[in-house]
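Hi,

Here is the structure I promised to pass on. Have a look at it first, and then read my notes below.

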Amino acid sequence: MYVGIDLGGTNIAVGAVSDEGKLLKKASLPTLAGRSYKEIAADMADLCRQVTDGIGGIEAVKAIGIGSPGAVDSENGVVVFAGNLSLNNAPLADEVKKYFNIPVHMENDANAAAYGEYIACNVDADSFVFVTLGTGVGGGIIINKKIYSGFNGIGAEIGHMTLEMNGKECNCGNRGCYEKYASVTALIEQTKQAIEKNPASVMSDWVQENGHVSGRTAFECALNGDSAAVEVRDTYIRYVAEGIVSVVNIFQPELVVIGGGISKEGDILLNPIKEFVAKREFNKHMKKTDIQIARLFNDAGIIGAAMAAKANLE
């Protein structure tokens, strides 16, 4: 078996994964961001032991994979920079290796999640793009069945392609980035603005009942026919679809998978995206990209990190 580690700003999630990519057992601990990489590695090692205990032990593990946020040097196993973890040039892979005589491989967390979803789809596709809609917009690209991360390891930043020139200012310093319109954070802001303009909207009642605006607010209220909610939902979906049109036109992948919590809206999100892309994409005459909803959700990073470690052995 293999072990996958999903290093997040809030939690370190670790799982034992079978040779076929099935999650066997998992555990987690708070990341406690701001600690040294050595302290984080020590917790990773403890979790590796926990998830393998009783199912063969650490001795049965062929490789360990780590998915880390930020800029990652996969070849050398170094977190070059991860702002939310306060890590700079941290040799995390080598530090974990000190605990076990096992190969350790590291990827960017979005790339790891993309690889996990790619494995879960169980299709013989050479090209694949994963778009995850969350606090920001992340992504991962598979080309020739391998993770594509650019010459410097930080490729596939789908959330930072420009959707609107001179648009909203992004945390990255650019303007008009895709994630400023298509992330769940953006959806929440769009919903709040709609509620302010339409105080009689059902969304106002929803917020009073639930205590806050979330990514679900507009989608749930739109089901009741609330016109303001329908406008928010449909506009947001068009933003998401616009970005996917660009992804399809650039890469012409066999499959695009949409992940993140909002993807649990299923066909309500997926079907209009498919219709929009079919109308706007460049390719009108040849075989078209398939678009699907993610399958693994929170487990994608664990499984993808483990399977990327397996692939690195081959």
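At what angle do helix α3 and helix α10 pack, and how far apart are their axes? Keep in mind as you look that this is a predicted model.

The angle between α3 (residues 109-121) and α10 (residues 300-313) comes out at about 85 degrees, and the axes are 7 Å apart. Angles of 65 to 115 degrees count as roughly perpendicular, so that is how α3 and α10 sit relative to each other.

If you want to find the contact on screen, start from the α3 side: Ala112, Ala113, Tyr115, Gly116, Glu117 and Ile119. Their partners in α10 are Ala300, Gly301, Ile303, Gly304, Ala305, Met307, Ala308 and Ala311. Sorted by type, the residues of this α3 and α10 contact come to 10 nonpolar, 3 polar and 1 charged.

Which way do β12 and β13 run relative to each other, parallel or antiparallel? They run parallel, with 4 bridges joining β12 (residues 255-259) to β13. To get your bearings there, look for Ile258, which stands opposite Ile293 in β13.

Cheers

Methods. Residues are numbered from 1 along each chain as its sequence is written. This is a predicted model: local features need pLDDT of at least 70, side-chain atom pairs count only at pLDDT 80 or more; totals for chains, interfaces and linings use all residues. Side-chain values use heavy atoms; hydrogens and water are left out. Axes are lines fitted to C-alpha atoms, for helices over the stretch in contact, and angles run from 0 to 180 degrees between N-to-C directions. Helices (H or I, at least four residues) and strands (E, at least two) are DSSP runs, numbered from the N terminus. Angles under 35 degrees count as roughly parallel, over 145 as roughly antiparallel, 65 to 115 as roughly perpendicular and the rest as oblique. Contact means heavy atoms within 4.5 Å. Ala, Val, Leu, Ile, Met, Phe, Trp, Tyr, Cys and Pro count as nonpolar, Asp, Glu, Lys and Arg as charged, and the others, Gly among them, as polar. Two strands pair if DSSP finds at least two bridges between them.
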